[in-house]
Every structure is written in structure tokens, then in C-alpha cells.
Amino acid sequence: MTSLVTPDAAFYSTDFRQFLLPYESVRTAADPDATLLGFLQTTYDAAADLGGWDRAALEYVPVEGARPDTPHRSPSAAPSSKLPKRHH
């Protein structure tokens, strides 16, 4: 099984035993966000495929309407206005 890691500047380092992507290739990319996301997704795909991971059990599949419009906050989290003031 062969896995493709993108972008072309990405490479596997035998010294570090991991895929690396030079900062400069992201910084100078036409779409740095897409370049980095592509690298992260393809390295995850390669690890999952080559490692024989049960991806169906591990990966999140969004369910439409299941996510609330506001961020979830723990009931025990105190609002910042209720926190005691710090004195220096």
C-alpha cells in the first residue's frame, strides 16, 4: 500500500522518524491554510492506512443539527465576571 503525502515539499525524516513540512513552504504557499491542512490530513491518512487503524471507530462524523449554535461550556465553569480579582 502506498500513501501520498502532500504538498510536494513534505518529506519523511529518518532522523526524526516523522513527516516534516518546511515552514517556508507553508509561508509562501498561495493558500497557506489549505497547504497545512492538506499536509495534516494526508499524514494522518498515511498513518491510519499503514497502521491498519479502525478509522470508522476513530474518526468523528458530524451529524447535522447535533451541534449547538453556541460553544459548549461546562456547568461548573464560572463566568469570568464572577472570578475573584487578583491583587498584585
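This is a predicted model: local features need pLDDT of at least 70, side-chain atom pairs count only at pLDDT 80 or more; totals for chains, interfaces and linings use all residues.
**Figure 1. Arginine 55 and aspartate 45 join two helices.** Here we stay with arginine 55 and turn to another of its partners. The side chains of arginine 55 and aspartate 45 meet in a salt bridge, at 2.6 Å from N to O. Arginine 55 belongs to helix H3 (residues 55–58) and aspartate 45 to helix H2 (residues 32–50), so this pair ties together parts that are 10 residues apart in sequence. How accessible is aspartate 45? Its relative accessibility is 22%, which places aspartate 45 in the partly exposed class.

**Figure 2. A salt-bridge network of four residues, Asp45, Asp49, Arg55 and Glu59.** Asp45, Asp49, Arg55 and Glu59 are linked in a network of salt bridges. Side chains of opposite charge can pair when their charged atoms come close. Across the protein, the count comes to 4 salt bridges.

**Figure 3. Arginine 27 and glutamate 24 pair within helix H1.** This view moves to another helix. A salt bridge connects arginine 27 with glutamate 24, their closest N and O atoms being 2.5 Å apart. Why are the two separated by about one helical turn? Because they are 3 residues apart in helix H1 (residues 23–27).

**Figure 4. Threonine 43, a buried residue of helix H2.** Now for a residue away from the charged pairs. Threonine 43 lies in helix H2. Is threonine 43 buried or exposed? With 16% relative accessibility, threonine 43 counts as buried, because the class takes in residues under 20%. Leaving aside residues up to four places away in sequence, threonine 43 touches Val5 and Phe19.

**Figure 5. Leucine 58, an exposed residue of helix H3.** Leucine 58 has its place in helix H3. Its relative accessibility is 56%, and so leucine 58 counts as exposed. Along the chain, leucine 58 and alanine 48 are 10 residues apart, and their C-alpha atoms are separated by 9.7 Å.

**Figure 6. The whole protein, with 3 helices and 2 strands.** To finish, here is the setting for the close-ups. From the N terminus on, the elements follow the order β-β-α-α-α. Of the 88 residues, 12% count as buried, and threonine 43 is one of the buried residues. The accessible surface comes to about 7900 Å², with 56% of it belonging to carbon and sulfur atoms. Among contacts between residues at least 6 apart in sequence, 33% join residues at least 24 apart.

Conventions
Residues are numbered from 1 along each chain as its sequence is written. Side-chain values use heavy atoms; hydrogens and water are left out. Helices (H or I, at least four residues) and strands (E, at least two) are DSSP runs, numbered from the N terminus. Buried means under 20% relative accessible area, exposed over 50%, partly exposed in between (1.4 Å probe, protein chains only). Contact means heavy atoms within 4.5 Å. Accessible areas come from the Shrake-Rupley method with a 1.4 Å probe; for residues, only the protein chains shown count as cover.
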